[in-house]
Amino acid sequence: LLLLAVWLGFLVQKDPGYILVSYNKWVLETSLWVGILALLILFFLFSLLVRLIKYSTSLGGRIKRWEKERKDKKSRKLTNAGLCELAEGNWKKAEQQLSKAAEESSTPLINYLAAARAAQELEEFDRRDEYLRRAHQTTEGTEVAVILTQAQLQINSQQWEQALATLKHLNQIAPNHRHALKLLKDVYLEVNDWEQLRALIPILRQHKLITEKETHQLEKQVFSS
């Protein structure tokens, strides 16, 4: 760089050159080297202007990404805390943290399902069903999973009639779903619906959901009732 500077200085001193630009009544005169320096400065300023315009147009997207990352980080923290509270049996805290995390999360399914389980333990069945409804609404392709979870929670709380209605609805959406059929069998036994259970036994056998021994026991129970 030092040698280059000395060489350029020598050239400038030897012959500064001459530039004349004329347009209409305007005339610009300068040396060749000053003109080259001015062009370099103009090129640098133009490049800087292009970068500033590009940055300003993408600023909105950057802010949105930053906001999304901030919300996801907050949601993950709340989800982890809520799941720990759920595992420890602190149902109220678990429900609060998990439902709040769902509002901030871009993937709220697990939060709403876990919040529904916490509400179940608190015997807040309306809130439980609301969380399940939100889980289905906010995440596509989860209808079967959400309905199965609802049926299982209803069974756990011994809401047999509601569980039966839920499982029948599921059977219309996903006919012969293996886990749903097993739950349906359990509910029919609880409500003593022998006629429906009698019709279900061949389907259970067809899908190998009960053994021969269980089949005989069920048939004996059905026909003796």
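1. Because the model is predicted, local features need pLDDT of at least 70 and side-chain atom pairs count only at pLDDT 80 or more, while totals for chains, interfaces and linings use all residues. Residues are numbered from 1 along each chain as its sequence is written, and side-chain values use heavy atoms, with hydrogens and water left out.

2. Nine salt bridges are found in a search of the whole structure, a salt bridge being a side-chain nitrogen of Lys or Arg within 4 Å of a carboxyl oxygen of Asp or Glu. One of them joins Arg127 to Glu95, with the closest N and O atoms 2.6 Å apart. This pair links distant parts of the chain, 32 residues apart, with Arg127 in helix H6 (residues 125–138) and Glu95 in helix H4; helices are DSSP runs of H or I, at least four residues, numbered from the N terminus. Glu95 is buried at 4% relative accessible area, whereas Arg127 is partly exposed at 29% (buried means under 20%, exposed over 50%, partly exposed in between, with a 1.4 Å probe and protein chains only).

3. Within helix H6, Glu130 and Arg133 lie three residues apart, about one turn of the helix, and their side chains form a salt bridge at 2.3 Å, N to O.

4. Lys185, buried at 15%, and Asp186, partly exposed at 34%, meet in a salt bridge of 3.7 Å, N to O.

5. Ser105 lies in the loop between helix H4 (91–104) and helix H5 (109–121) and counts as buried at 16% relative accessibility. Leaving aside neighbours within four places in sequence, Ser105 is in contact (heavy atoms within 4.5 Å) with Ser75 and Asn111.

Note on methods: Helix = DSSP H or I, 4+ residues; strand = E, 2+ residues; numbered from the N terminus.
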